[in-house]
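The stops below are given in the order in which to select them.

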Amino acid sequence: MNWQWFHRLGSPRWFYEKTQAWLPWLSIITLALLLVGGIWGLGFAPTDAKQGNSYRIIYIHVPSAFLALAGYYIMAISGAIGLIWKMKLPFMVMKAAAPIGAALTFLALITGAIWGKPTWGTWWVWDARITSMLILFFLYLGVIALQQAFQNRDTADKASAILALVGTVNIPIIYKSVDWWFTLHQPATIKFIGKSTIHISMLYPLFIMLVGFYCFYTLVLLLHTRVEILRRESRTQWVNDLAAGKQGSK
Amino acid sequence: MNFQFDSLDAFLIMNGHGVYVWACYIITFSVLTFLVVSPMLQRKSFLKQQKKNSLLQKNVQ
């Protein structure tokens, strides 16, 4: 079997140059999806019979929470690949994924709290779903802190990859928390198996926002990884050439 | 598919839920913008610094 593609994937320079062309397209698609989904959700989706207009928060709350979890997988899997195959690039992706994941988890928590006030009558409850999301937030912060705690780059990468991997225990707990424990949080309304409990007219904009957030995540992960590549490869010739030649153009 | 509100005021107030909904959207918009802009600024300042360093090195040699 030809493994060349896999090794090339491990080359930061190849990745940096390859992704350059994707950025404008990805930005346009992301912006279009988020605009359409956001306006549709805010103004055109029907008002919820029980929750009134407050439910419109779903269009950012659910996508943020989705990506907070998906982002954790990406971070942990990148860390694992880095540990197993001793490649440089996956560790850079892992490091880039941590602050993005933390920001999205923060968004899920804060929009959830604001949604909770008119719906449940409280900003915060210590229930399973919310507490496990808070733990996710701290795991992300832990990875960020570990990255900065070591002088040695390799040690920092290995330590944070291990923390990320250990933390994956939390992910199924978050998914299942609304089924396992009695909670204020509503159970999942979108189901991949079986019938979704959300009306189709509310589902369309949510779906657009979900795809939009996935595109956004990809875009931002690329941007952060590319900066990390430049930093770690700062002693190489190609980065020097890049700095010397392209300065001012972008 | 129709616009669900009678006026701009109704759209902003959303039967009393407007404060919560708009707060969420504004916070989200700010955080997402920050996530996009911060790596762009970091890249810019990195390239600037890198250019400076290589010029310094050349002068030393």
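Begin by selecting B:M14 in this predicted model, a residue that counts as buried because 21 C-beta neighbours lie inside 10 Å, where 20 or more are needed. B:M14 sits in the loop between α1 (8-13) and α2 of chain B, and its phi is positive, at about 50°, although the residue is not a glycine. Most residues other than glycine have a negative phi. Is B:N15 buried or exposed? With 11 C-beta neighbours inside 10 Å, B:N15 counts as exposed, whereas B:M14 counts as buried.

Next, display chain A as a cartoon. Its secondary structure comes to ten helices and zero strands, and its C-alpha atoms fill a box of roughly 60 × 40 × 35 Å, taken along the principal axes. Of the 250 residues of chain A, 40% count as buried. Among the contacts in chain A with a separation of 6 or more, 77% are accounted for by residues 24 or more positions apart.

For one pair of helices within chain A, select α4 (residues 58-85) and α7 (residues 153-167), which pack at an angle of about 130° with their axes 8 Å apart. That angle makes α4(A) oblique to α7(A), and α4(A) passes α7(A) in a left-handed crossing. To see the contact itself, show A:M75, A:A76, A:G79, A:A80, A:G82 and A:L83 on α4(A), facing A:D157, A:K158, A:S160, A:A161, A:A164 and A:L165 on α7(A). The residues of this contact divide into seven nonpolar, three polar and two charged.

The next selection is the largest nonpolar core, which has 69 residues. In soluble globular proteins, nonpolar side chains tend to be buried together. Those with the most contacts inside this core are A:I57, A:A68, A:M75, A:A97, A:I100, A:F216 and A:V220, and A:M75 also belongs to the contact of α4(A) with α7(A). At least two residues of the core are supplied by each of α3 (22-44), α4, α5, α6 (128-149), α7, α9 (200-232) and α10 (237-245) of chain A, and likewise by α2 of chain B. Which helix provides the largest share of this core? That share, 17 residues, comes from α5(A).

Centre the view on A:V220 to see how the two chains come together here: leaving aside its neighbours within four places in sequence, A:V220 is in contact with A:I100, B:L35 and B:V36.

Finish at A:L89, which is in helix α5 (residues 89-120) of chain A and is buried, with 23 other C-beta atoms within 10 Å. Draw a distance from its C-alpha atom to that of A:E228, a residue 139 positions away along the chain, and the separation is 9.4 Å.

Terms used
Residues numbered from 1 in each chain as written. Chains lettered and ligands numbered in written order. Predicted model: local features only at pLDDT ≥ 70, side-chain atom pairs only at ≥ 80, totals over all residues. Helix = DSSP H or I, 4+ residues; strand = E, 2+ residues; numbered from the N terminus. Buried ≥ 20, exposed ≤ 12 C-beta atoms within 10 Å, placed from the backbone. Contact = placed C-beta atoms within 7 Å. Axes fitted to C-alpha atoms, helices over the stretch in contact; angles between N-to-C directions. Parallel < 35°, antiparallel > 145°, perpendicular 65-115°, else oblique. Left-handed = near helix turned anticlockwise from the far one by under 90°. Nonpolar A, V, L, I, M, F, W, Y, C, P; charged D, E, K, R; others polar. Core = buried A, V, L, I, M, F, W, Y, C linked by C-beta atoms within 7 Å.
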